[in-house]
Amino acid sequence: MAKMILKFNDVVIDQIVLKQGDMNIGRRPGSEILLDNMAVSGNHASIFTIGEDSFIQDLNSTNGTFVNNKRVAKHHLENNDVITIGNHSLTYVNEKAKKSGPDFAKTVIINPQKSEDMLVQASRENSALSKESAPAVDTRQGSLFILSGANNGKRIDLTSAVTNLGRAGKRAGIISRTGNGRYILLPGDNNEAPRLNGVKVSASGEELKNGDVIEAADSRMQFYLK
């Protein structure tokens with residue numbers, strides 16, 4: 001379980017277990033991580049945790065938020081990262097945290113536009129999944145939660161039959177929804193293969209399951225069914 005070691009002027013004053021979701025950091029009474037110091041803004045920053053991933057985001061504070069002595073707007077935390085806010089420091093402790101790599105937080109554009117070739121692929125995938133007796137239709141809605149990238153922390157509902165992953169003009173992956181309500185992850189342009197739970201997706205694609213982690217266009221996202 002991830003936690004923060006809170007220090008003031010290098011003296012440990014608290015240990016804070018991070019809950020799933022958002023936790024406020026600030027000087028304002030009621031903040032979940034209260035830093036009572038004039039160098040801290042009332043609503044200074046937030047930490048968002050999903051699974052074993054945690055993210056720090058500065059909330060336009062006056063004096064800034066620093067990770068390992070570098071000012072940040074958003075940052076995907078790694079084990080032993082040190083967040084500095086005024087005279088306080090918070091050391092992130094989570095041995096299960098995944099390393100993001102130096103180029104991990106690049107732009108991801110989720111583009112739900114439809115095109116003929118994509119629909120052909122979706123249809124082909126639907127046929128491959130068909131059986132002699134039609135499977136039950138899954139009516140649950142799929143969504144992507146962006147873990148890393150420019151849209152970090154946002155949820156995108158997969159309302160279109162085809163969703164393209166990647167930068168404009170270059171698809172790094174494709175998610176198509178089949179006629180029976182299943183979601184299939186396919187390679188993008190030039191057979192560029194996204195990774196599903198750390199493994200490259202084959203040309204025939206892979207069916208997405210609740211909680212699956214997708215890596216595409218140097219970004220990382222988690223798939224949810226609701």
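Which residues does Ile 47 touch, not counting residues up to four places away in sequence?

1. In this predicted model, Ile 47 touches Met 4, Leu 18, Gly 21, Asp 22, Met 23, Ile 25, Ile 33, Ser 54, Phe 55, Ile 56 and Ile 83, once residues up to four places away in sequence are set aside. Ile 47 also belongs to the largest nonpolar core, which has 20 residues, and is listed with Met 4, Ile 25, Ile 33, Ile 56, Ile 83 and Ile 85 as touching the most other members. Two or more residues of this core come from each of strand E1 (3–8), E3, E5, E10 and strand E11 (88–93). Another core, of 17 residues, lies apart from it and includes Leu 144, Ile 146, Tyr 183 and Ala 216.

2. Five strands make up an open sheet of mixed pairing, arranged in the order E4-E3-E5-E6-E9. Strand E4 (33–34) and strand E9 (74–76) each have a single partner strand and stand at the edges, so one side of each is left without a neighbour in the sheet.

3. Strand E5 (residues 45–50) pairs with E6 in the antiparallel sense over six bridges, with Asp 53 in E6 as the bridge partner of Ile 50. The two strands form a hairpin with two residues between them, and in its turn Gly 51 has a positive phi of about 60 degrees.

4. Strand E6 (residues 53–58) is largely enclosed by the rest of the structure, because five of its six residues are buried.

5. Confidence should be read region by region, since the mean pLDDT of the protein is 79 and 79% of its residues reach 70 or more. Among the elements, strand E10 (residues 82–85) has the highest mean pLDDT, 96, whereas strand E12 (residues 109–111) has the lowest, 39. Over residues 101–120 the pLDDT stays under 50, although the model has 52 contacts beyond four places in sequence for this stretch. Residues 129–133 likewise have a pLDDT below 50, and this stretch has two contacts in the model beyond near neighbours in sequence.

Key: Residues numbered from 1 in each chain as written. Predicted model: local features only at pLDDT ≥ 70, side-chain atom pairs only at ≥ 80, totals over all residues. Heavy atoms only, no water. Pairing = 2+ DSSP bridges. Helix = DSSP H or I, 4+ residues; strand = E, 2+ residues; numbered from the N terminus. Buried < 20%, exposed > 50% of the residue type's maximum accessible area, 1.4 Å probe, protein only. pLDDT = per-residue confidence, 0-100. Contact = heavy atoms within 4.5 Å. Core = buried A, V, L, I, M, F, W, Y, C linked by side-chain atoms within 4.5 Å.
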